[in-house]
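Please keep the sequence and the coordinates at hand while reading.

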Amino acid sequence: MTQTVLRGRVLTFHAEPNDGQDNNAYSYIEDGAVLIRDGLIQKTGSFCDVAAMAPDAPVIDHRPHLLMAGFIDTHLHFPQVQVIASWGSQLLDWLNTYTFPEETRFADADHSAIMAEKFFDQLIAHGTTTAVAFCSVHKASVSAFFQEATKRKLRMLGGKVMMDRNAPAGLLDTPQTGYDDSKELIATWHGTGRSSYVITPRFAITSTPEQMEMAQALVQEHSDCHVQTHLSENRDEIAYTLELYPQARDYLDVYQSYGLLGPKTLLGHSIHLESREVDALVETGAHPVFCPTSNLFLGSGLFDNAGLRGRGITNGIATDVGAGTSYSMLQTLNEGYKVLQMQRQSLHPLQAFHWATRGNACVLGMEDRIGTLDPGTEADIVVLNARSTEAMALRMDRASTLSEELFVLQMMGDDRAIEEVYVNGTASKTAPATRARKVR
Ligand code: GUN
Ligand code: ZN
């Protein structure tokens, strides 16, 4: 048995805060601690109480920093590590010009393995301990993704994109190979260690109706797998989708008519929705995923968080690297705040930090395992420093409440604010790598 006590200021959420005054939604302990035993959280409470439970356990003192659950990123693309920050176009051009050519490189197992290492270095450096990733069409990319995640004991979700048209030859599967490869990857990885397989038809434009039928078969045969795709990100994308599926009532109807919608379905972007589509989200329990840095970068549009929430829909929030411009969930909350400001919608910092942790865990149906510091859950923990830059420290000199501190982290924080990251109970943040050296 291995035991460790982490000491610091402790914040964990029990529910989504209704507003900044909702003190029942969270626990905040000034001199707090978390007892970790064999990768699981054994107790969270005052340092006195926790230390008394395990008097012989080593204590790692993170005071004055803030301990909370590791961040969860509910939508990003593993093969876009070297696509992030590609200039000048909106969605369909950006995919054809930059993204698809880059993804062809992941046919190569060695390239995939090197990139997987870099990808998880970035996630951990930015405080993200669970992510839901699109891999490339190639099995090799998925194997590399899960092999590296398993090596690091990370709870990760991902899947091979199914795509059989409207992309370069090196990126196309067929309805049959897309099905067979997904099936084989599910058998190998789903439920292995902390890995979960996600059935991943990329989006309607790159899948024929025959492939959608195969995705439907996979969902029926593996109802315990999540499903992920993209929905209504960009006006040209929507128009082209409706040309390709002329019988569909709207974009979401493409996925709905193939039985792809349910509480385990994640729909990246979901910006330009018709009222019937919103009704269908309510009926099926599928989750829109807000990707603010990406939506601003590609000029896609403004996500209507309040409108969807008002209908009882639970939205995720995510980076969408590489259309997203940062791996940081702090920066994602920063840009999310601004997207909502543009629509006179509000995002209190307590709600923001709930969203990036327990909120996204609820979207995944995994709040019993990740997203909080509750006893019995997995010890994925981030240590945050709101004085990590001179500019932040100056602002913090005038801050007196937890909410102010969280807002400084949200608006000004990035990987420099991540002091340490515990994955499955083990300190996992590596020293910054040499940046100048070219990898591939
Ligand atoms: N729609 C289909 N594929 C993609 C992708 O890789 N990124 C984004 N932002 N949207 C997509
Ligand atoms: Zn995406």
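## Backbone features

Pro-64 lies in strand β4, and the peptide bond that joins Arg-63 to Pro-64 is cis in this predicted model, with an omega of about 5 degrees. A cis bond is also found from Val-321 to Gly-322, where omega is near 5 degrees; Gly-322 has its place in the loop between β13 (316–317) and α12 (329–341).

Asp-38, which is found in the loop between β2 and β3, is not a glycine and yet has a positive phi of about 50 degrees. These features deserve a look because most residues other than glycine have a negative phi, and most peptide bonds are trans.

## The sheet and the helix packed on it

Seven strands make up an open sheet with mixed pairing, and their order is β3-β2-β1-β4-β14-β15-β16. The edges are taken by β3 (40–46) and β16 (426–427), each of which has a single partner strand, so one side of each is left without a neighbour in the sheet. Strand β15 (residues 418–423) runs antiparallel to β16 and is joined to it by two bridges, and Tyr-422 stands opposite Ala-427 in β16.

Helix α13 (residues 349–364) packs on this sheet, where it touches β1 (3–13), β2 (26–37) and β4 (59–69). The direction of α13 makes about 95 degrees with that of β4, the strand in which Pro-64 lies.

## Helix α13 against helix α15

Helix α13 also packs with helix α15 (residues 402–412), at an angle of about 60 degrees and with the two axes 8 Å apart. The helices α13 and α15 are therefore oblique to each other, and their crossing is left-handed.

On the α13 side the contact is made by Pro-349, Leu-350, Ala-352 and Phe-353, which meet Ser-403, Leu-406, Phe-407 and Gln-410 in α15. Sorted by class, the residues of this contact of α13 with α15 are six nonpolar and two polar, with no charged residue.

## Helix α5 against helix α6

The contact of α5 with α6 has five nonpolar, three polar and one charged residues by class.

The shell around ligand 1 consists of His-77, Leu-91, Leu-95, Thr-99, Arg-202, Phe-203, His-230, Glu-233, Ser-294, Asp-320 and Ala-323. Helix α2 (residues 91–103) supplies three residues, the largest share of this shell.

By class, four residues of the shell around ligand 1 are nonpolar, four are polar and three are charged. Two of the residues listed around the ligand, Asp-320 and Ala-323, may be viewed together with the cis peptide bond from Val-321 to Gly-322.

How values were computed
Residues numbered from 1 in each chain as written. Chains lettered and ligands numbered in written order. Predicted model: local features only at pLDDT ≥ 70, side-chain atom pairs only at ≥ 80, totals over all residues. Near = placed C-beta within 6 Å. Helix = DSSP H or I, 4+ residues; strand = E, 2+ residues; numbered from the N terminus. Nonpolar A, V, L, I, M, F, W, Y, C, P; charged D, E, K, R; others polar. Pairing = 2+ DSSP bridges. Contact = placed C-beta atoms within 7 Å. Axes fitted to C-alpha atoms, helices over the stretch in contact; angles between N-to-C directions. Parallel < 35°, antiparallel > 145°, perpendicular 65-115°, else oblique. Left-handed = near helix turned anticlockwise from the far one by under 90°.
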